[in-house]
Amino acid sequence: MIGVIFSIIAGVAMSVQGVMNTRLGERIGTAEANALVQCTAALLSLLVLAFFHSGSFPALLQTPKLYWFGGVLGLVITVTVMLGIRDLSPTVSISIILISQLLVAALIDAFGLMDSEQQPFTWTKYAGLGLMLGGVVLFKLR
């Protein structure tokens with residue numbers, strides 16, 4: 001149940017943050033807003049680390065190098081969410097983002113990528129993606 005709660009919080013935070021970052025970017029510039037967002041996140045992460053660390057940075061040397069690039073994707077995510085919301089709308093942009101996330105997560109599961117347990121990509125997943133795509137089309141109808 002805690003995983004469901006955390007997932008709901010993440011979804012809410014992502015949608016709200018995406019709109020907040022987009023509006024900030026419209027006022028100060030996309031690159032400037034991204035820099036502010038990333039620096040704020042870095043500073044807060046260091047503060048949390050100072051009080052709640054439980055891992056080990058030396059273990060990084062035994063970690064596959066691919067996993068080191070999550071921060072790069074954080075930059076890509078922040079900027080592309082801002083640009084998507086700016087050019088579409090929060091509802092349509094976040095809907096497309098969710099569909100993309102679901103599709104890629106299903107592929108990661110199906111192929112057991114990045115040390116994930118392999119899960120079959122069944123017809124129900126195709127149906128779910130189809131229904132979500134249909135929902136985006138309905139949102140776009142005027």
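This is a predicted model: local features need pLDDT of at least 70, side-chain atom pairs count only at pLDDT 80 or more; totals for chains, interfaces and linings use all residues.
Trainee: How are helix 1 and helix 2 oriented to each other?

Mentor: Helix 1 (residues 2-28) and helix 2 (residues 30-52) have axes 7 Å apart and pack at an angle of about 130 degrees. Angles under 35 degrees count as roughly parallel, over 145 as roughly antiparallel, 65 to 115 as roughly perpendicular and the rest as oblique. The angle therefore makes helix 1 oblique to helix 2.

Trainee: How do the residues of the contact of helix 1 with helix 2 divide?

Mentor: In helix 1, Gln17, Asn21, Leu24, Gly25 and Ile28 meet Thr30, Glu32, Ala33, Leu36 and Val37 of helix 2, where contact means heavy atoms within 4.5 Å. The residues of this contact divide into five nonpolar, four polar and one charged.

Trainee: Is Asn21 buried or exposed?

Mentor: Asn21 has its place in helix 1. Leaving aside neighbours within four places in sequence, Asn21 is in contact with Ala33, Val37, Thr78 and Met82. Because its relative accessibility is 7%, Asn21 counts as buried.

Trainee: What does Gly3 count as at 41% relative accessibility?

Mentor: Gly3 is found in helix 1. Between Gly3 and Thr80 there are 26 Å in space, C-alpha to C-alpha, and the two are 77 residues apart in sequence. At 41% relative accessibility, Gly3 counts as partly exposed.

Trainee: What is the handedness of the crossing of helix 3 and helix 4?

Mentor: The axes of helix 3 and helix 4 (residues 90-111) cross at roughly 135 degrees and come within 7 Å; the two helices are therefore oblique to each other. A crossing is left-handed if the near helix is turned anticlockwise from the far one by less than a right angle, and right-handed if clockwise. The crossing of helix 3 and helix 4 is right-handed.

How values were computed: Residues are numbered from 1 along each chain as its sequence is written. Side-chain values use heavy atoms; hydrogens and water are left out. Axes are lines fitted to C-alpha atoms, for helices over the stretch in contact, and angles run from 0 to 180 degrees between N-to-C directions. Helices (H or I, at least four residues) and strands (E, at least two) are DSSP runs, numbered from the N terminus. Ala, Val, Leu, Ile, Met, Phe, Trp, Tyr, Cys and Pro count as nonpolar, Asp, Glu, Lys and Arg as charged, and the others, Gly among them, as polar. Buried means under 20% relative accessible area, exposed over 50%, partly exposed in between (1.4 Å probe, protein chains only).
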